[in-house]
Amino acid sequence: MRLDKFIVAVGAGSRSQAKAMVKAKRLTVNGQIAKKADMKIDEETAVICLDGQVLDYSEFDYIMLNKPAGVISATEDAKDRTVLDLLPKRYHRVAPVGRLDKDTVGLLLLTNDGQLSHNLLSPKKHVDKCYQVTLEKNCSTEAVAQMAEGIELDDGYVCLPAKLEISEKNAHLVYLTIQEGKFHQVKRMFAALGNRVTHLKRLRMGSLILDEDLSEGDFRLLTASELATLKEHS
Ligand code: URA
């Protein structure tokens, strides 16, 4: 990889800034002052320092975002703010793994690891997605069996069996685990039962659980163990 591309990849600056860093002798490669911005380096083994600080290179970023309402799960949009607008530029190579509606909040994984993204989204893999759902009306206990049998949506599609748990204290609040990701699926499943979703929050995707210390709009990188478990089970 070229040194200037490396600088861009780790988010340390643009290619023209990399050129200026070289000119100002701020960059070293394996302890030697870098002479050219387009010099070739081995990004896996070379020790690159900017002002004496080692720059870490990783091929992939894995980000957990607590998505707030009002932003869309895309990398660009002509009119709306996207989830990428919530991340620093250095992470703008990632894309959301699946979509949450504009008004849905909660767990959204973003990565540039296409293989992991593909595995988590593949319909064949039946990855669990668990949602906390607030409903307009009390949820009936019969809904538990109906969800387990497979709800028929407005277009005739019959959903895979889903697990519904009704909160003991409040029958407006339920937890639904589904293994698919059809358009507006959770909202349409409750609409098919004559109810309406008023608030939707994703809590879990596969083994990945939303970090409740993250406020809406906040993000953090996945820990090594979260990533290992996610890869293992996907
Ligand atoms: N189901 C929905 O209806 N909306 C979402 O954002 C996610 C699942």
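What follows is a short tour by topic, from the overall layout down to single residues.

Keep in mind that this is a predicted model. The protein chain splits into domain 1 (3-54), domain 2 (62-123 + 215-232) and domain 3 (129-205). The largest nonpolar core has 31 residues, and a ligand sits among residues that include Thr104, Val186 and Lys187.

**Domains and cores**

- Taken over C-alpha atoms, the centres of domain 1 and domain 2 are 29 Å apart.
- In the largest nonpolar core, the residues with the most contacts inside it are Val133, Leu176, Met189 and Phe190.
- At least two residues of this core come from each of strand S5 (62-67), strand S7 (105-111), strand S8 (129-135), helix H4 (142-149), S10, helix H5 (185-192) and strand S11 (197-205).
- Domain 2 and domain 3 each put at least three residues into this core.
- There's also a second, separate core of 16 residues, with Phe6, Ala18, Ala46 and Leu55 among them.

**Around the ligand**

- Threonine 104 uses its side chain here: one of its polar atoms lies 2.8 Å from an oxygen atom of the ligand.
- Valine 186 comes in through its backbone, with an N or O atom 3.1 Å from a nitrogen atom of the ligand.
- For lysine 187, look at the backbone too: a polar atom there is 3.1 Å from an oxygen atom of the ligand.

**Helix H5 and Phe190**

- The buried residues of H5 are Gln185, Val186, Arg188, Met189 and Phe190, and they pack against S8, H4, S9, S10 and S11.
- Which residues does phenylalanine 190 contact, leaving aside its neighbours within four places in sequence? They are Val133, Leu135, Cys139, Met147, Leu164, Val174, Leu176, Asn195 and Val197.
- After H5 comes glycine 194, which has a positive phi near 80 degrees.

**Strand S7 and its partners**

- How many of the residues of S7 are buried? Seven of its seven, so the strand is mostly covered (buried here means under 20% relative accessible area).
- S7 runs antiparallel to S5, with six bridges between them; methionine 64 has leucine 109 as its bridge partner in S7.
- Strand S6 (residues 95-96) also pairs with S7 in the antiparallel sense, over two bridges, and proline 96 has leucine 110 as its bridge partner.
- With S11 the pairing is parallel, over two bridges, and glycine 106 stands opposite arginine 202.

**Asparagine 66**

- Leaving out residues up to four places away in sequence, asparagine 66 touches Gly106, Leu210, Leu214, Ser215, Glu216, Gly217 and Asp218.
- The contact with glycine 106 includes a polar atom of the asparagine 66 side chain that lies 3.3 Å from the glycine's backbone nitrogen.

- Strand S9 (residues 163-166) and strand S10 (residues 173-178) run antiparallel and are joined by four bridges.
- If you want a pair to look up, lysine 163 has threonine 177 as its bridge partner in S10.

**The four-stranded sheet and leucine 50**

- An open sheet of four strands runs in the order S2-S1-S3-S4, with antiparallel pairing.
- Strand S2 (32-33) and strand S4 (53-54) are the edge strands, each pairing on one side only.
- Strand S1 (residues 27-29) pairs with S3 over three bridges, and threonine 28 stands opposite cysteine 49 in S3.
- Leucine 50 is in strand S3 (residues 48-50), and its relative accessible area is 14%, so leucine 50 is buried.
- Setting aside residues up to four places away in sequence, leucine 50 touches Ala12, Met21, Arg26, Leu27 and Leu55.
- Leucine 50 and glutamate 136 are 86 residues apart along the chain, and 55 Å separate their C-alpha atoms.

Terms used
Residues numbered from 1 in each chain as written. Predicted model: local features only at pLDDT ≥ 70, side-chain atom pairs only at ≥ 80, totals over all residues. Heavy atoms only, no water. Pairing = 2+ DSSP bridges. Core = buried A, V, L, I, M, F, W, Y, C linked by side-chain atoms within 4.5 Å. Buried < 20%, exposed > 50% of the residue type's maximum accessible area, 1.4 Å probe, protein only. Domains from an automatic or database assignment. Contact = heavy atoms within 4.5 Å. Near = heavy atom within 4 Å. Polar contact = N/O pair within 3.5 Å; in protein donor to acceptor, adjacent residues only side chain to side chain.
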